[in-house]
Amino acid sequence: MIGYFRYMVVLVVTSVAMLGGQYVLAQAMAADSTTGFPPLDQWKAAIVAGDAAALKALYSTDPAAQVQANGGAANADADVNFWLSLKARGMKLEIVRMKERPDAESIIFKAEVQTGPNGETMNVTDAQGWRKQGEQWRLVGAERTDAPHLKQPSDMKKDLYPADADARAEIKKAEDKAAKEHQRILLVFGANWCYDCHVLDLAFHRPDFASVMAGYEVVHVDIGLDGKKNGDVAKQFDTPLDKGIPALAVVEADGKVVVSQKNGEFEDARSLTPEVLLEFLNKWKLEAR
């Protein structure tokens, strides 16, 4: 399950050290780290160098690294093969979020990979979990999205889900406004720590989404750090959260559920296309009067 995998990557995360040669993890690398995390610099260097052995040595084998690619299950070998197949001439990493715990590191980044001699590039979003195993850091989990169609956030600082928000009060306010404006309510269950929730929010603000979004009052419902906050609200609107977030429900102005997602349809929002989102939103909006 992608939702469970993502939760584990965010909370558990991982490590790596290269075994020999120019990729030996040295203390001096910490001061020269361009990403702020030397093992990630080693991982990047191995890709650009095309060094399969050094790259593979960074992935945990016990336990085996868990890898997701474009919404499907993969493995470390497939991840290594993907990165090497790009024949990268260079790579720029933009760190979206880096969260450190004792002997663990969780990193989300956007990679711009130079793939050709004339400046051709490919964009990739990756969420990696690293863990220190003995004296070495190894990559224990990764969730990769190749050439994403939707804009990917450069940070996760936007307070989409204020901790002090009263979800029921906000829903009631949205219902009152929707009744006056001939709209439906779009409930978005999620959390500030959820990368895909930020991706979805950026999509909602695309200029080509303006007309369809005008048919909805959007309410963000926070599930909290433990995923249990506002569980009663999710239950009321028939929206299970165990398949991942963001999870959406479309509601009439009188509170009646029109449709709710049951299978984590948008929990991998980073991999979706604008067309998929527009199809959903157009299908459930009210017809114009």
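Is D79 buried or exposed? In this predicted model, D79 is buried, because its relative accessibility is 0%, below the 20% cut-off. The side chain of D79 meets that of R144 in a salt bridge, with an N to O distance of 2.6 Å. R144 belongs to strand 7 and D79 to helix 5 (residues 76–85), so the bridge ties together parts that lie 65 residues apart in sequence. R144 also counts as buried, at 6% relative accessibility. Salt bridges with shared partners join D79, R144 and D146 into one network.

Strand 7 also holds T145. T145 is buried, with a relative accessible area of 2%, and its side chain makes a polar contact of 3.4 Å with the side chain of S271.

The whole structure contains 13 salt bridges. One of them pairs K158 with D201, the closest N and O atoms being 2.8 Å apart. K158 sits in the loop between strand 7 and helix 6, and D201 in helix 7 (residues 195–204), so this pair ties together parts 43 residues apart in sequence. K158 is partly exposed at 45% relative accessibility, whereas D201 is buried at 6%.

A further salt bridge joins K110 and E94, with 3.7 Å between the closest N and O atoms. K110 is in strand 5 (residues 104–114) and E94 in strand 4 (residues 90–101), 16 residues apart. K110 is buried, with a relative accessible area of 17%, while E94 is partly exposed, with 36%.

D159 lies in the loop between strand 7 (136–146) and helix 6 (167–181) and is partly exposed, at 48% relative accessibility.

Key. Residues numbered from 1 in each chain as written. Predicted model: local features only at pLDDT ≥ 70, side-chain atom pairs only at ≥ 80, totals over all residues. Heavy atoms only, no water. Helix = DSSP H or I, 4+ residues; strand = E, 2+ residues; numbered from the N terminus. Buried < 20%, exposed > 50% of the residue type's maximum accessible area, 1.4 Å probe, protein only. Polar contact = N/O pair within 3.5 Å; in protein donor to acceptor, adjacent residues only side chain to side chain. Salt bridge = Lys/Arg side-chain N within 4 Å of Asp/Glu carboxyl O.
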